[in-house]
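Here is a short report on a single chain. Please have the sequence and the model open as you read.

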Amino acid sequence: MVSLSRCPKGSKVRVLELCEDPGCRCRLCSMGLTPGVEAVIRQDGESCRVCVRGDEICLGNGLADQIKVVRV
């Protein structure tokens with residue numbers, strides 16, 4: 001299990017855990033980033049852009065550090 005921000009571009013991952021803040025977790029879920037969903041890393045670096053359920057989401061590295069994933 002690693003944080004989302006540590007995955008290189010092109011990686012396919014499955015989300016295991018979201019951040020602990022309830023408001024933040026709710027917002028991520030409303031954007032389709034839920035535990036169990038698969039995502040593809042489109043960009044890494046200063047921000048993390050992921051493709052989830054056909055949509056692209058851009059997250060700051062601070063938030064991406066709090067999302068735990070496993071590579072698929």
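## Strand β4 and the sheet around it

Five of the six residues of β4 are buried, so this strand is largely enclosed by the rest of the structure. Buried means under 20% relative accessible area, exposed means over 50%, and partly exposed lies in between (1.4 Å probe, protein chains only). Helices (H or I, at least four residues) and strands (E, at least two) are DSSP runs, numbered from the N terminus.

This is a predicted model, in which local features need pLDDT of at least 70 and side-chain atom pairs count only at pLDDT 80 or more, while totals for chains, interfaces and linings use all residues. Residues are numbered from 1 along each chain as its sequence is written, and side-chain values use heavy atoms, with hydrogens and water left out.

**The chain as a whole.** The chain has two helices and six strands. From the N terminus on, its elements run β-β-α-β-β-β-α-β. The radius of gyration is 10 Å, close to the 11 Å that the globule rule gives for 72 residues, so the chain is as compact as a globular protein of that length. That radius is taken over C-alpha atoms, and the globule rule is 2.2 Å times the number of residues to the power 0.38. Along the principal axes, the C-alpha atoms fill a box of roughly 30 × 20 × 20 Å.

Of the 72 residues, 38% count as buried. The chain exposes about 4,100 Å², and carbon and sulfur atoms supply 47% of that area. Accessible areas come from the Shrake-Rupley method with a 1.4 Å probe; for residues, only the protein chains shown count as cover. Among contacts between residues at least 6 apart in sequence, 58% join residues at least 24 apart. A contact means heavy atoms within 4.5 Å.

**Order of the sheet.** Six strands form an open sheet in the order β1-β6-β2-β3-β4-β5, and the pairing is antiparallel. β1 (2–3) and β5 (55–60) stand at the edges with a single partner strand each, so one side of each is left without a neighbour in the sheet. Two strands pair if DSSP finds at least two bridges between them. Strands of a sheet pair through backbone hydrogen bonds, either parallel or antiparallel.

| Strand | Partner | Bridges |
|---|---|---|
| β2 (residues 12–17) | β3 (residues 38–43) | three |
| β3 | β4 (residues 47–52) | four |
| β4 | β5 | six |
| β2 | β6 (residues 68–71) | four |

Val13 stands opposite Ala39 in β3. Val13 also stands opposite Arg71 in β6. Now move to β4. Gln43 stands opposite Arg49 in β4, and Ser47 has Gly60 of β5 as its bridge partner.

**Two hairpins.** The hairpin of β3 and β4 has three residues between the strands, and Gly45 there takes a positive phi near 125°. The hairpin of β4 and β5 has two residues between the strands. Which residue takes a positive phi in that hairpin of β4 and β5? Arg53 does, with a phi near 55°. This is a positive value in a residue other than glycine. Arg53 sits in the loop between β4 and β5. At 56% relative accessibility, Arg53 counts as exposed.

**Arg25 and the charges.** Arg25 lies in helix α1 (residues 22–30). At 34% relative accessibility, Arg25 counts as partly exposed. Leaving aside residues up to four places away in sequence, Arg25 touches Leu18, Cys19 and Glu20. Arg25 and Lys12 are 13 residues apart in sequence and 21 Å apart in space, C-alpha to C-alpha.

The chain has 11 positive and 9 negative side chains, and the centres of the two sets lie 5 Å apart. Lys and Arg count as positive and Asp and Glu as negative; His and the chain ends are not counted. The place of a charge is taken as NZ of Lys, CZ of Arg, CG of Asp or CD of Glu.
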